[in-house]
Amino acid sequence: MSNEFTTDRVSSDMINMMAKQMGAVHIKSDSAYINIYTFKIGEDLRIKYMLDLRRGKGMYLHRVSPYPIMLGKFYGETDIIDYIRRDLQKFQNAYNSEKFEHFLELTEELTQFNRQIEQLFLNRNVPEAAFRELADELKEVRGTIEQIGEECPMLYDNDRTIGELTVDASDLGEEE
């Protein structure tokens, strides 16, 4: 007989075991079912994930470092492990690029930008015109990102593999 508590514990233990097999250099679990997985990509780079296992409500995966981002809601242990494996392989590939430091600097700037926007709008009475001005500027930045995306070749396409995993367009954030 299974209940949500034992199911969550089994999921946590299975994911911890698979993360160790993938090379996690540190795993921290607590009784609230929040697990932290740390992987060493290079001498100066560790990728850290946080998994929040919610009873009967799925599992939420976040990348904590090198920059914070919510990666998604998952319902199966293998889905989480497959996602982490692909993510690590992409970071390993990017880490070997001469442009990787520029990428990390840009993500740090974006993280700071998000914090500034939050502080601005939560702590001040900002006029509607300021909202429109920022929205217009963000629309321009989004357009630039889309243009660069169209001009630059994909590293992975629907039929290529990353390591041992086959990757499809949905894994790359493309619309189907």
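Arg-63 and Asp-87 are both buried, and their side chains form a salt bridge whose closest N and O atoms are 2.8 Å apart. Because Arg-63 lies in strand S4 and Asp-87 in helix H2 (residues 77-95), the pair ties together parts that are 24 residues apart in sequence. The model discussed here is predicted. The secondary structure of the protein comprises four helices and seven strands, arranged along the sequence as α-β-β-β-β-β-α-α-α-β-β. Of the 176 residues in the protein, 28% are buried.

- Strand S4, which spans residues 58-65, contains Arg-63.
- Arg-63 has a relative accessible area of 5% and is therefore buried, since the limit for a buried residue is under 20%.
- The side chains of Arg-63 and Asp-87 are also joined by a polar contact of 2.8 Å.

**Other salt bridges**

- The count of salt bridges in the model comes to four, and one of them is the bridge between Arg-63 and Asp-87.
- Lys-40 pairs with Glu-43 in a salt bridge, with 3.3 Å between the closest N and O atoms.
- Lys-40 is partly exposed at 39% relative accessibility, whereas Glu-43 has a relative accessible area of 68% and so counts as exposed.
- Asp-82 and Arg-85 meet through their side chains in a salt bridge, at 3.5 Å from N to O.
- Because Asp-82 and Arg-85 are three residues apart in helix H2, about one helical turn separates them.
- Asp-82 is partly exposed, at 27% relative accessibility.
- For Arg-85 the relative accessible area is 27%, so Arg-85 is partly exposed.

- A patch of negative charge on the surface is formed by Asp-44, Glu-101, Glu-105, Glu-108 and Glu-109.
- Among these residues, Glu-101 is located in helix H3, which covers residues 100-123.
- Glu-101 has 45% relative accessibility and therefore counts as partly exposed.
- This value for Glu-101 meets the requirement that patch residues have over 30% relative accessible area.
- Helix H3 also contains Thr-107.
- With a relative accessible area of 10%, Thr-107 is buried.
- A polar atom of the Thr-107 side chain lies 2.8 Å from the backbone oxygen of Leu-104.

**Leu-71 and strand S5**

- Leu-71 is placed in strand S5, which runs over residues 69-74.
- The relative accessible area of Leu-71 is 15%, so this residue is buried.
- Leu-71 and Tyr-49 are separated by 22 residues in sequence, while their C-alpha atoms are 9.5 Å apart in space.

Methods:
Residues numbered from 1 in each chain as written. Predicted model: local features only at pLDDT ≥ 70, side-chain atom pairs only at ≥ 80, totals over all residues. Heavy atoms only, no water. Patch = residues over 30% accessible without salt bridge, like charges linked within 9 Å, V, L, I, M, F, W, Y side chains within 5 Å. Areas by Shrake-Rupley, 256 points an atom, 1.4 Å probe, with all protein chains shown as cover. Lys, Arg positive; Asp, Glu negative; His and termini not counted. Charge placed at Lys NZ, Arg CZ, Asp CG, Glu CD. Helix = DSSP H or I, 4+ residues; strand = E, 2+ residues; numbered from the N terminus. Buried < 20%, exposed > 50% of the residue type's maximum accessible area, 1.4 Å probe, protein only. Polar contact = N/O pair within 3.5 Å; in protein donor to acceptor, adjacent residues only side chain to side chain.
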